[in-house]
Amino acid sequence: MKKELLKNNTLIIFLILLVVSSLVSNSFLTGNNLSNLLRQVAPIGLISIGMFLVILTGGIDLSVGSIVATIGVVFALLSYEVYFPVALTISLALGIGIGLLSGYLVAYRKIAPFIATLAMMTIVRGAGFLFSKGAPISVGPHSSAILTLGTGAFLGIPYSAWILMIVFAAVYMVVRYHVFGRKIFAVGSNEEAVRLSGISVESVKFSVYVIAAFFTAIAALMMVGRTGVGTANIGIGLELDAIAAVVIGGASLSGGRGSVLNTLLGVLILGMIGNIMNLLDVTSYLQQLIKGVIIILAVVFQRNQK
């Protein structure tokens, strides 16, 4: 990891943004603000790590924002009927089930990832509106423990950030040192060569969609815990934020190249941009414009350094 850090252009961008943010606002480096920043980026961080694995294989998953919405609605509904562990298990299982379907369509039915996950995005979001009848649903008394997950902290660091760090460490080890990680890179680099070597390309692609959906389901529960509400309107555009974080991290959208460390830095860069503009009271419309320009500049800078 040391060599990776020394030649890391995304890290340079992150550090520059960190210095600039601390200079333009005295509130940025306060403990309370950094804690809020970590709590906000943790869900998108989990989604981005899953998206990173999918993109490594040359795929894409447009359904993650809809999964967040529907898992949130389902969990909120269950919170009135069953106790927290049961609601948690069913919600995570639903996320895995959506990933199984997406993975099956892409890997075994040979449907283009963009089309398959676009269809899943519509289906899943529609299910969320159907279940909730379009209204936000507050978390019920049986599952108030979810609020602790979303708002609590250990050693000053939010629980959600701890979960993100654990997932990041696990994925980093798998990608760098496990044979499954090498298969993911290989499928994205040369799918036909991998197939001729006797490796099941389908199983690798299938697996990454399931993993991505599982991480997204965890992220959905984090967001429910933070807001105390499940709503089908949440998560719109999250897929674009996740893709942006992966691209800022230097991954190739055609697959076979990328770094989970840089993806995490990409998430923090996006989070800091939003955070500092909130501290400076920049209007939401102008935030979108500035955010887009900074993303383009960051990607151009990174590409020019290669």
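A crossing of two helices is right-handed if the near helix is turned clockwise from the far one by less than a right angle. I needed that before starting on this predicted model.

**Entry 1: H4 against H5**

I looked up helix H4 (residues 64–78) and helix H5 (residues 84–108). Their axes lie 9 Å apart, and the packing angle is about 155 degrees. Angles over 145 degrees count as roughly antiparallel, so H4 is roughly antiparallel to H5. The crossing of H4 past H5 is right-handed.

Next I listed the residues that make the contact. H4 supplies Ile 67, Ile 71, Val 74, Phe 75 and Leu 78. From H5 I noted Phe 84, Ala 87, Leu 88, Ile 90, Ser 91, Leu 94, Gly 95 and Ile 98. How many of the residues in this contact are nonpolar, polar or charged? I have 11 nonpolar, two polar and no charged.

**Entry 2: the largest nonpolar core**

I turned to the largest nonpolar core, which has 82 residues. Which of them touch the most other members? They are Ile 49, Met 51 and Val 171. Helix H11 (residues 201–227) gives the most to this core, with 15 residues.

**Entry 3: Ala 42**

I found Ala 42 in helix H3 (residues 31–56). Is Ala 42 buried or exposed? Buried means under 20% relative accessible area; Ala 42 has 0% relative accessibility, so it counts as buried. Beyond the neighbours within four places in sequence, Ala 42 contacts Ser 160, Ala 161, Leu 164 and Met 222.

**Entry 4: positive phi**

Most residues other than glycine have a negative phi. I looked up two residues with a positive value.

Lys 133 has a phi near 55 degrees. I placed Lys 133 in the loop between helix H6 (113–132) and strand E1 (137–138). Its relative accessibility is 74%, so Lys 133 counts as exposed.

Asp 281 has a phi of about 60 degrees. Where does Asp 281 lie? I found Asp 281 in the loop between helix H13 (260–279) and helix H14 (284–304). At 67% relative accessibility, Asp 281 also counts as exposed.

Notes
Residues numbered from 1 in each chain as written. Predicted model: local features only at pLDDT ≥ 70, side-chain atom pairs only at ≥ 80, totals over all residues. Heavy atoms only, no water. Axes fitted to C-alpha atoms, helices over the stretch in contact; angles between N-to-C directions. Helix = DSSP H or I, 4+ residues; strand = E, 2+ residues; numbered from the N terminus. Parallel < 35°, antiparallel > 145°, perpendicular 65-115°, else oblique. Contact = heavy atoms within 4.5 Å. Nonpolar A, V, L, I, M, F, W, Y, C, P; charged D, E, K, R; others polar. Core = buried A, V, L, I, M, F, W, Y, C linked by side-chain atoms within 4.5 Å. Buried < 20%, exposed > 50% of the residue type's maximum accessible area, 1.4 Å probe, protein only.
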